[in-house]
Amino acid sequence: MGCSWIHTTISGLGTVVGGATPSTKHAEYWGGEVPWLSPKDLTGYRYRYISRGERNITKEGQLSCSTKLLPTGTILFSSRAPIGYVAIAQNPLCTNQGFKSIVPNEKTDSLFLYYLLKCNAARIDGLGSGTTFKEVSGKVIGNYEVLVPENIWTQRRVANVLGTIDNKIELNQKINDYLAELAQTLFIGWFELHAGERDIASLTGDDEYCTLDKLCSRITDGAHKSPKADPDGAYPMLSVKDMRQYGFSYSSCKRISKADYDDMLANDCIPKVDDILVAKDGSYLKEIFITNKQREEAILSSIAIFRPDTRRIAPEVLLQYLKHPRVLKLVSDNFVSGSALPRIVLKDFKKLMLLVPERSIQEEILPALRSIRGLIHINEEESERLRSLRDLLLPKLMSNEIDVSKIELPTLPNNHLSDC
């Protein structure tokens with residue numbers, strides 16, 4: 001017999017804490033040692049635990065506003081732009097006002113609370129309001145009703161099932177990160193061997209350089225008009241927010257109808273095998289990957305498509321060029337416009353000049369790059385299956401549909417064991 005489950009609210013499981021932003025007019029508030037996060041730090045984030053964002057603040061900056069130093073294990077829940085990103089604080093940190101964080105009480109397991117919020121994120125998003133942007137208040141989150149195990153050890157058993165799956169997904173991600181770093185290291189060594197001290201990319205290169213549009217048979221972006229979401233649609237409609245480092249996340253992407261998908265297909269908004277997809281808008285250049293297999297899925301204009309002309313350049317080689325730090329900096333400095341929503345200007349970007357050896361010379365490094373690409377793809381395929389399993393189990397475990405009373409935890413102090 002499993003433990004009893006009770007109805008409570010989020011505020012019954014912990015303290016809801018808002019965030020704030022120190023004044024940007026005071027330089028002394030910024031660049032310190034206190035980690036400070038905004039929701040965009042979780043855009044495309046691949047792990048449960050997070051230690052810091054893109055910016056830090058000083059202790060003086062922290063004390064200048066209402067942001068709080070949250071303890072390790074706090075659940076960070078983005079409450080605006082967008083609602084529903086969830087992570088666990090790996091160390092003490094602060095957030096801006098785009099988060100409503102929950103500090104678990106002594107009767108609540110932190111990892112369980114993380115999965116509870118992941119399970120309810122879409123429903124909480126539905127409670128948001130606002131005209132300029134949708135937001136959910138701390139009061140709404142605190143009063144949100146949930147069903148939870150009364151006993152903390154049952155909470156930990158539920159979290160352990162889901163956490164074990166995520167452990168393997170995150171291990172695959174770390175292995176792929178290492179493989180991607182290895183690929184770039186091999187590429188840089190190969191390039192320097194053939195190019196010497198010549199620059200890999202240029203804005204005004206000589207005849208040895210080749211523009212991106214000459215290296216690709218097509219450079220474009222996805223649909224500029226987003227079709228209406230279809231709850232019963234079988235076709236993913238993907239945007240930059242669905243991009244991850246090695247592929248797409250399909251768990252929360254928009255779905256469209258067959259008719260709308262056919263329109264996207266007719267307008268060439270469907271990635272093909274060996275296309276290189278580049279994050280173009282917002283978190284531009286943050287994600288760049290090769291399409292490994294043909295899928296019935298469409299993309300929006302926030303993603304650019306680079307279709308290599310394989311007579312001139314191999315997809316694996318072009319990927320490494322686009323990921324090279326020099327290329328990334330040139331693009332960021334010269335081909336990006338917009339302040340509220342920075343985006344790459346494709347018509348300019350395609351004129352970037354790259355120093356590319358002949359196709360026959362590329363064959364020297366291709367076996368290694370293709371082998372690495374294959375290993376990354378295998379790991380991503382496994383991770384995709386594991387994500388599907390996790391997402392299938394999540395609502396069942398969180399509704400007490402699956403009895404976890406017989407599941408053994410890795411370590412359980414005997415003096416704390418209950419009858420559950």
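At what angle do the axes of helix α4 (residues 152-195) and helix α7 (residues 315-323) cross? In this predicted model, the two axes come within 10 Å and cross at roughly 95°. Because angles of 65 to 115 degrees count as roughly perpendicular, α4 and α7 are described as roughly perpendicular to each other.

**Helix α4 against helix α7**
- Two packed helices are described by the angle between their axes and the distance between the axes.
- On the α4 side the contact involves Ala-183, Gln-184, Phe-187 and Phe-191, which meet Val-317, Gln-320, Tyr-321 and Lys-323 of α7.
- By residue class, this contact of α4 with α7 divides into 5 nonpolar, 2 polar and 1 charged.

**The sheet β11-β22-β12**
- Three strands make up this open sheet, in the order β11-β22-β12, and their pairing is antiparallel.
- The edges are held by β11 (201-202) and β12 (209-211), and since each has a single partner strand, one side of each is left without a neighbour in the sheet.
- Strand β22 (residues 353-355) runs antiparallel to β12 and is joined to it by 3 bridges, and Cys-210 stands opposite Leu-354 in β22.

- Strand β14 (residues 235-238) pairs with β18 in the parallel sense over 2 bridges, and Leu-238 stands opposite Ile-299 in β18.
- Leu-265 belongs to helix α6 (residues 258-266), and it counts as partly exposed because its relative accessibility is 46%.
- Although Leu-265 and Glu-297 are 32 residues apart in sequence, their C-alpha atoms are 8.9 Å apart in space.

- The side chains of Asp-221 and His-224 are joined by a polar contact of 3.0 Å.
- With neighbours within four places in sequence left aside, Asp-221 is in contact with Lys-280, Ser-301, Ile-303, Ala-304, Ile-305 and Leu-346.

Methods: Residues numbered from 1 in each chain as written. Predicted model: local features only at pLDDT ≥ 70, side-chain atom pairs only at ≥ 80, totals over all residues. Heavy atoms only, no water. Helix = DSSP H or I, 4+ residues; strand = E, 2+ residues; numbered from the N terminus. Buried < 20%, exposed > 50% of the residue type's maximum accessible area, 1.4 Å probe, protein only. Polar contact = N/O pair within 3.5 Å; in protein donor to acceptor, adjacent residues only side chain to side chain. Contact = heavy atoms within 4.5 Å. Axes fitted to C-alpha atoms, helices over the stretch in contact; angles between N-to-C directions. Parallel < 35°, antiparallel > 145°, perpendicular 65-115°, else oblique. Nonpolar A, V, L, I, M, F, W, Y, C, P; charged D, E, K, R; others polar. Pairing = 2+ DSSP bridges.
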